[in-house]
Every structure is written in structure tokens, then in C-alpha cells.
Amino acid sequence: MRILFTLTTLCIAYSSIAQSDYSNVQITAEQLSEHVYILYGAGGNMALVTGEQQNYLIDDQFAPLSDKILFKIKSINDKPLAYVLNTHWHGDHTGGNENLAKEGALIIASDRVYDRLKEGQQSARRTTPPAAPEALPVISFSDQMHLRYGQDAHIHAMHVNDAHTDGDSFYYFPEENVIHMGDNFSNAKYPFIDLDSGGDIDGLLSNLNMAQAMLNDDSKIIPGHGPAATLKDLKAYTHVLETCVELLRELRDKGMTAEEIIAENPLAEWNDRYGDGFIGPEAFIRSVLGSLD
Ligand SMILES: [Zn+2]
């Protein structure tokens, strides 16, 4: 009872803080290519694709921001928002689904996003209630699909390896030389490997390398969080994560426990730069050890 009470109090406190924060949030846009913009606000970065007949939005942050997001889109391209695509199921990327669906957008995501939004989640770490029916994808895919926003232009949706969650997708715009990588790339903080949602560090490293192979020096990358990036930034980030994971693998293979590894502080060199965000050094180490092959 006491734990429940504390949790409830925390949730109320958190949501009231969050709501007052949203009232001050501005949605800003930066054009990355002829038809693609990155939109920043509070929560996961969004991509706007301005099609000939309609707009496409990748991710939609939190519900209280939907009106501001729609207003921003209208100021860029006065066509309807026809499609909303989710990179994964977390609330800071899907919180606007219900509102935007009610405004007429079709929600699209991988099958696992549909499953997880529909089921909700209860774990020792977090409780997420099932999403409203309107928030669920009406089109979902298991592997890949193309959405054509012009005669010779398309969005390539690809469900990638289990990484941040098991429902992660990249949305690649080959004609624009832009990609949205969702939370596979947190520019530039330790990643959140959500073990409760099927996350896996090996899959994350594979996905980062796969993205590199698709891109070139002129590519623009939309990370799940942090500023828009380049291939150079992605390479540097991947190198740091691979180095950290290799170090942790060696310590694990020596037979050290998670507690012993954490006590040794093996990532001290990178913690100031990469460990001061949502995921601190200890959480990162635990998630790596919890999913490393
Ligand atoms: Zn996420």
C-alpha cells in the first residue's frame, strides 16, 4: 500500500511538472533537405515529410503538444497530415498518436509497436497502461515497406534488429539523403536499452553499423534525441559504444559480477560526456550486461 501510495504521488507530481513544462515548449523546425524537416520540442525528435498531396510525420512526442505540432506543420506545408509513423512504442514518441488520429492521420508502425501499445506494460521498473484504441497503428509491418510521397520519392520503413526495443524502425528517405534512426541513436548519450521491451545491445551496434553502410558524408541523420547529426557523428558515437561494450564484455568474461564491474567504474573516461543524460553509467552497464551475447 505504502509503495503504491508513493508511486501514485510521484506520478501525480511528475505529470503536473510535465504539464507545466509543456506549456512553455516551443516546436522548432530545421529544414534538412527539399522535403524533410526535423522538428524539435519535448520528447523524441520528429521528422516532417512534405509530400505533394499530404504531410507525413515520424513520431509525435507528448499528447499536450499535438496542437502546437499541427500548427508548426501547417506553417511549413498547408496540406493535411495524412500519416504518422512511429519509430518505436515509447510515450515520448507516440504520445500524440490518439490526437493526431482523431485529426484524420493514419498511424503506421512495426507490428511490435502495435502489440506493445495495445498491451501496455507492467514491470518492476515501470507501468504503462494500454494505449487508447485510436492511438494504435492501423497499418503495421513486420519487415519493410515503402510509402511514396511523390512520383520519384519514397519513405523506406524498415523494422531493424532488436536494439532500443524489439519494435524499432528506421525511416530512410533515399531521395533526400536523410534518415530517422529513432532511439537507436541518442546524440550523444549512452543509449537506453529497454530490456523490458526486448532491447538488446548487440542489435543496437548492428543497427548503427547498418545505418552507416546506407549513408554518405552528405547524409543528414535525425537521432531520437539530441541535435541533427552527420555520418561523422554517427561513426564517432558507434566507436565509443563499441569500445565500452568490448570493455564490459572482457570484464564479464573474467567472471566479474555486475556489482563488481560497476564498482570498478570502467567507463570513467566517457561518463562525463555520455553519462549525464537519461541513462547514467550504472544503468548503461546493467543494460549491456543484461543483453550482451
Ligand atoms: Zn524510446
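1. Residues are numbered from 1 along each chain as its sequence is written. Because the model is predicted, local features need pLDDT of at least 70 and side-chain atom pairs count only at pLDDT 80 or more, while totals for chains, interfaces and linings use all residues, and side-chain values use heavy atoms, with hydrogens and water left out.

2. The zinc ion has as protein donors (N, O and S atoms within 2.8 Å of the metal, or 3.2 Å for Na, K and Ca; water is not among the atoms, so sites may look incomplete) His88 through NE2, His90 through ND1, His164 through NE2 and Asp183 through OD, at 2.2 to 2.4 Å. Along the chain these donors follow the spacing H-x1-H-x73-H-x18-D.

3. Why is the arrangement of the four donor atoms irregular? The angles that they subtend around the zinc ion run from 82 to 168°, whereas four donors count as tetrahedral if all angles lie between 85 and 135 degrees, and four count as square planar and six as octahedral if opposite donors are over 155 degrees apart and all others between 65 and 115, anything else being irregular.

4. His88 is buried, at a relative accessible area of 1%, and His90 is also buried, at 8%; buried means under 20%, exposed over 50% and partly exposed in between, with a 1.4 Å probe and protein chains only.
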